Amino acid sequence: MNEVLKTIETRRSVRKFLPDMPQKEAIKTVVKAGLQAASGKNEQAAMVIVVTNKELRDKISRDNCAIGGWKEDFDPFYGAPVILIVLGRKDFPTYIYDGSLMLGNMMLAAHSLGLANIWIHRAKEEFESEDYKTLLKELGVEGEWEGIGHLALGYVDSDVPAAHPIKPNRAFYVE
């Protein structure tokens, strides 16, 4: 089977990570795959913030947990040491799609490198808050941005889940 198709068929969301930090080069490779995602009019209206700083990672986890309404001791990133946060530039009409493609590329790239991952939501709500708008300013990011999603990244600390059956009636052919 073609390696790309094999990667697509075998990638699964993981909900238990080891605390071990992936190699910096592997993280950069995953990010590069995201930056190469297709985008409307090649505007490239999505970006990624790479969080490997444990203090910031833990703050994001606590904030995401509060937004989701979970108990304080729950980690919505399942212990992953890396969080890749994708944001879209609000002034471009395809920013949500562009950011989603970026996340998809990074998920597949990570899996192809042996890194476990899962897409986590609530980035939109985080980046509506003043704390995260301030973070963008501190990073030198200008303009209006919306959080599209997080990619929790690391090494799996459990068995990789089995594939779920594909639901019927989701592909229709007109020949």
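**Exercises: a strand residue and its sheet**

Ile83 sits in strand β2, residues 82-89 (a strand is a DSSP run of E with at least two residues, numbered from the N terminus). The model is predicted, so to speak of local features takes pLDDT of at least 70, and side-chain atom pairs count only at pLDDT 80 or more, while totals for chains, interfaces and linings use all residues. Residues are numbered from 1 along each chain as its sequence is written, and side-chain values use heavy atoms, leaving out hydrogens and water.

**Exercise 1.** Work out whether Ile83 is buried or exposed, and what Ile83 touches.

*Step 1.* Check the cover: Ile83 has a relative accessible area of 0%, so Ile83 is buried (buried is under 20%, exposed over 50%, partly exposed in between, with a 1.4 Å probe and protein chains only).

*Step 2.* List the contacts (heavy atoms within 4.5 Å). Leaving out residues up to four places away in sequence, Ile83 touches Ile49, Val50, Val51, Arg57, Ile60, Phe77, His150 and Leu151.

*Step 3.* Pick out Ile49: it is 34 residues from Ile83 along the chain, and their C-alpha atoms are 8.1 Å apart.

**Exercise 2.** Find the strand order of the open sheet and its edge strands.

*Step 1.* Trace the four strands: the order is β1-β2-β4-β3, with antiparallel pairing (two strands pair if DSSP finds at least two bridges between them).

*Step 2.* Look for strands that pair on one side only: these are the edges, β1 (46-51) and β3 (116-120).

*Step 3.* Zoom in on one pair: β3 and β4 (residues 145-154) run antiparallel over five bridges. Here Trp119 stands opposite Leu151 in β4.
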